[in-house]
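User: Please walk me through this model, one feature at a time. I want to know how each one is read.

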Amino acid sequence: MAKAKATAFFCKECGYESAKWLGQCPGCKEWNTFVEELVGKKEPVSKRGIGSGGDGGILGAKAKPSRLSDIHLDEQDRMKTGYEELDRVLGGGVVKGSLVLVGGDPGIGKSTLLLQVCRNLAASGQKVLYISGEESLKQIKLRANRIGEITGDLLFLCETSLELIEGVIREEKPDVVIIDSIQTMFREEVSSAPGSVSQVRESTNILLQIAKGSGIAVFIVGHVTKEGVVAGPRVLEHMVDTVLYFEGERSASYRIIRGVKNRFGSTNEIGVFEMVESGLSEVANPSEYMLSGRPEEASGAVVACSMEGTRPMLLEVQALITPTAFGMPRRTAAGTDYNRVNLLMAVLEKRCHYDLSHFDAYVNITGGLRMNEPALDLAILMAIVSSMKDRAVDSKTIIFGEVGLSGEVRAVSMAQQRVNEAKKLGFKTCILPEICMEKMGPVPGIRLVGARNVRDAIIGLSD
């Protein structure tokens, strides 16, 4: 009798399992994603109900459906983290029984932020359990001393075995659990190494059952690959309720936390933090910080307004146009889409007859931010024109609008909020799509200049 194979092949993207290697995954249709891993015989485990919000369900208990009218919501179902920036991204706070995945580059501040959140939750009366598989208790103590005094019911555990961790959670019954990180956790029933596709999937499944069955909010820290996505199978992101990405350069002080999946709120919101000596500090008014230190009377610098969810954010777009020393001019874009910059320069050449074929072009979004909103199109074009003519744009002028291939300036969403933000920060002139200006009407305290096409915007810039 043939013995069962001790290995199997798993897709890194979706977790599809196969007895042999396949070039293309039948589940997600991706190529060359199968990896071979050891598998062990799985022992039967008790089934846990995930919808009752009880203590995990009882073996053999019957599942009972509920009517929507019998389900009651309470304001206490959300817990405030103590950071409005993070609460906004989460949709208003941490939902009890939710499973939140936090990903980001090494050293970006994931563990520091979550430890500060634990401090705030414990101070507000919540029982928090911080489980680390990467640091010792002394290392956590050193980091805790840096962020300030910690009070309240906050417990720490250094462990990587899911069986032991599950027992501690059942015994302590905390309100919030932090897992740092999921790639270090393992189940003894699974023979593969920690961090493998099988271990990550099985460990997340256990944590999901704990969160839903016991009503505990669980935060999971995930490593990222060199492409910037969470390491492990893509099914990991499908299993959790919320996926947050921590972005920013380690050399820069600003950090952005962005929601790419959220079952309890919008995925368009961002939170802005600044790395200081005592940890991460939230930035309540990012526009003011992004525009600080802006040069006066410098050509090629234009202030634009981008919307991140419901928040208008003012930022500076810079362009530098210099004669090229080679046969093919160089194009560089930092903080925005490279192909979009090439497209906009082609519009400027075709519709406004600017000869850019003999000039190198460098476009930059200051502050280390990366913005791809179409509303920045007009500001990028005006920055290029300003640098090419070596004429500075008035420092009290703000520009936004989407540009089409015909050179037309198209309407953008939430124009009123953008203008109000510019007015609040002392701007006197706003160049925007004409259709947006007609819908808003006059705004006291700021002059609106409508543009139907790029030529109108250039004329308005000269005025």
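Analyst: Start with a helix on a sheet. Helix α10 (residues 415-424) lies across β15, β16, β19, β22 and β23. Its direction is at about 80° to β16. This is a predicted model: local features need pLDDT of at least 70, side-chain atom pairs count only at pLDDT 80 or more, and totals for chains, interfaces and linings use all residues. Residues are numbered from 1 along each chain as its sequence is written, and side-chain values use heavy atoms, leaving out hydrogens and water.

User: How are the elements and the angle defined?

Analyst: Helices (H or I, at least four residues) and strands (E, at least two) are DSSP runs, numbered from the N terminus. Axes are lines fitted to C-alpha atoms, for helices over the stretch in contact; angles run from 0 to 180 degrees between N-to-C directions. Contact means heavy atoms within 4.5 Å. The protein has 12 helices and 23 strands.

User: Which other helix lies across β15, β16, β19 and β22?

Analyst: Helix α9 (residues 377-389) does, and β18 (359-365) is also among the strands it lies across. Against β16 (311-323), α9 runs at about 35°.

User: In what order do the strands of the seven-stranded sheet run?

Analyst: Two strands pair if DSSP finds at least two bridges between them. Here the order is β17-β18-β16-β15-β19-β22-β23, in an open sheet with mixed pairing. The edges are β17 (331-334) and β23 (447-451); each has a single partner strand, so one side of each lacks a neighbour in the sheet. Neighbouring strands are turned by 25° on average, direction ignored.

User: What is the order of the nine-stranded sheet?

Analyst: It reads β8-β7-β9-β10-β6-β11-β12-β13-β14, again open and mixed. At the edges are β8 (154-158) and β14 (279-282), each pairing on one side only. The average twist from one strand to the next is 25°. Strands β7 (residues 128-132) and β9 (residues 176-180) run parallel, joined by five bridges. There, Ser-132 faces Asp-180 in β9 as its opposite residue.

User: Is β12 mostly covered or mostly uncovered?

Analyst: Buried means under 20% relative accessible area, exposed over 50%, partly exposed in between (1.4 Å probe, protein chains only). Strand β12 (residues 254-262) is mostly covered, with seven of its nine residues buried. Its pairing with β11 (residues 242-247) is antiparallel, over six bridges. β13 (residues 270-276) also pairs with β12 in the antiparallel sense, over five bridges. Ile-257 shows both pairings: Phe-246 is opposite Ile-257, and Gly-271 is its bridge partner in β13. Across the protein's 463 residues, 48% count as buried.

User: How do I read two packed helices?

Analyst: Two packed helices are described by the angle between their axes and the distance between the axes. For α4 (residues 162-172) and α5 (residues 197-214), the axes come within 11 Å and cross at roughly 10°. Angles under 35 degrees count as roughly parallel, over 145 as roughly antiparallel, 65 to 115 as roughly perpendicular and the rest as oblique. So α4 and α5 are roughly parallel. Leu-162, Glu-166, Ile-169 and Arg-170 of α4 meet Ser-203, Ile-206, Leu-207, Ile-210 and Ser-214 of α5. Both helices also lie on strands: α4 across β7, β8 and β9, at about 170° to β7, and α5 across β6 (99-104), β9 and β10 (217-222), at about 160° to β10.

User: How many disulfides are found in the whole structure?

Analyst: A disulfide is a pair of cysteine sulfur atoms within 2.5 Å. The search finds zero. Take Cys-430: its sulfur is 8.3 Å from the closest cysteine sulfur, in Cys-305, which is too far for a bond. Cys-430 is buried, at 0% relative accessibility. Cys-158 is partly exposed, at 29%.

User: Where is Glu-84, and how far in space is it from Val-283?

Analyst: Glu-84 sits in helix α1 (residues 84-90) and is exposed, at 61% relative accessible area. Glu-84 and Val-283 are 199 residues apart in sequence, but 9.6 Å apart in space, C-alpha to C-alpha. For the whole protein, 67% of the contacts with a separation of 6 or more join residues 24 or more positions apart.
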